Amino acid sequence: MRIGLFLNEPTGPDPLKELGDSIAAASDAGFTSVWLSHIFGLDALTALAVAGSRTPGIELGTAVVPTYPRHPAALAQQAMTANAALGGRLALGIGLSHQVVIENMFGYSFERPARHMADYLDILLPATRGEHVHVEGETLKADIRLSTPGAGMPVLIAALAPRMLKLAGSRADGTVLWMTGPRTVTQHVVPAITAAAEEAGRPRPRVVCALPVCVTDDAEAARARADEVFSMYGQLPSYRAMLDKEGVSGPGEVAVVGDEDSVRDQIEELRRAGVTDFVASPYSKRERTLALLRQLL
């Protein structure tokens, strides 16, 4: 199982330098990948292309770029350009985002999200391979061929519900998870995505599992802190569904928390569950947490 890091959104006066320094530090420590969210700060693809180009070797992933605001051919062009800048080290994570974001903030309809993602992949996947795309989908259309350099990159979907997991396994290279605990990974995510890949004759899909992590002697306080820091994820319907499936009340109960032995055991449990990439998001006791993670590399 590969171990990567979730990057914090830079807050200083030179965010791209700050991001570049974080990528370099993660690479020097031996982490196999770093992942950047695309929310309301930096454009993740542009930022990774700029900040990551000076640090060779490490994989750089988006977790995740929302699909609705971008035509898939336009996203393919941007991702291929970023991949070229990074020497082929980009992992393109995409996702639907959330109804409150897509409808209330962007003004798009969030109807038929699974159909939208299926049509999106019909265009995005061949476009990122440099193929001619002619698609007359129910929600999206395209007739285009890109000459952009940087073709060929793993494409992963933020897939939690059954139909999305089937798409991730049968069409894409895997899934990027967030706020999804070990029981749900074992009983829901891995069986569904693996079966879809096998049925489609595709290789074993990547299961990129990102979770908050804190190495501490006061687990109760750390879980309470996680509930506070990540409270919004306990309210968004897609993540709320995963927490309910796990049988927990909030984000603090799926955070990987405890002393060194406990955190090591929890990460090992995820490996046994079928996680191929564990992505840690340290949110407290950062130096102690990173020290333990470095031991696991």
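**A chat about the model**

Analyst: Happy to! Threonine 55 sits in the loop that runs between α2 (44-52) and β3 (59-62). Keep in mind that this is a predicted model.

User: Is threonine 55 buried or exposed?

Analyst: Threonine 55 counts as buried because its relative accessible area is 7%, and the cut-off for buried is under 20%.

User: Which residues does threonine 55 touch?

Analyst: Leaving out residues up to four places away in sequence, threonine 55 touches Gly20, Ile23, Ala24, Ser27 and Arg89.

User: Let's switch to pockets. How much space lies in the largest pocket?

Analyst: The largest pocket holds about 1300 Å³ of space. Its lining has 46 residues, and those nearest the centre are His98, Trp178, Tyr233, Leu236 and Tyr239.

User: Which element gives the largest share of that lining?

Analyst: That is α9, with five residues. Elements that each supply at least two lining residues include β4 (65-66), α5 (113-128) and β12 (277-282).

User: How many of the lining residues are nonpolar, polar and charged?

Analyst: For the largest pocket, 35 are nonpolar, nine are polar and two are charged.

User: And what about the second largest pocket?

Analyst: That one has about 170 Å³ of space. It is lined by 13 residues, with Tyr68, Ser109, Glu111, His116 and Thr139 closest to its centre. Its lining divides into five nonpolar, five polar and three charged residues.

User: Now the charged pairs. How many salt bridges are there in the whole structure?

Analyst: A search finds 18. In one of them, arginine 206 and aspartate 277 meet through their side chains, at 3.0 Å from N to O. This pair links distant parts of the chain, with arginine 206 in strand β10 (residues 206-215) and aspartate 277 in strand β12, 71 residues apart.

User: Are those two buried or exposed?

Analyst: Arginine 206 counts as buried at 14% relative accessibility, and aspartate 277 counts as buried at 1%.

User: What about arginine 115 and glutamate 138?

Analyst: They form a salt bridge too, with their closest N and O atoms 3.9 Å apart. Arginine 115 is partly exposed, at 26% relative accessible area, while glutamate 138 counts as exposed at 52%.

Methods: Residues numbered from 1 in each chain as written. Predicted model: local features only at pLDDT ≥ 70, side-chain atom pairs only at ≥ 80, totals over all residues. Heavy atoms only, no water. 1 Å grid on protein atoms, 1.4 Å probe; cavity = no way out; pocket = protein on both sides within 12 Å on 5 of 7 lines; lining within 4 Å. Points joined across faces, edges and corners; volume = space filled by probe spheres on them. Helix = DSSP H or I, 4+ residues; strand = E, 2+ residues; numbered from the N terminus. Nonpolar A, V, L, I, M, F, W, Y, C, P; charged D, E, K, R; others polar. Buried < 20%, exposed > 50% of the residue type's maximum accessible area, 1.4 Å probe, protein only. Contact = heavy atoms within 4.5 Å. Salt bridge = Lys/Arg side-chain N within 4 Å of Asp/Glu carboxyl O.
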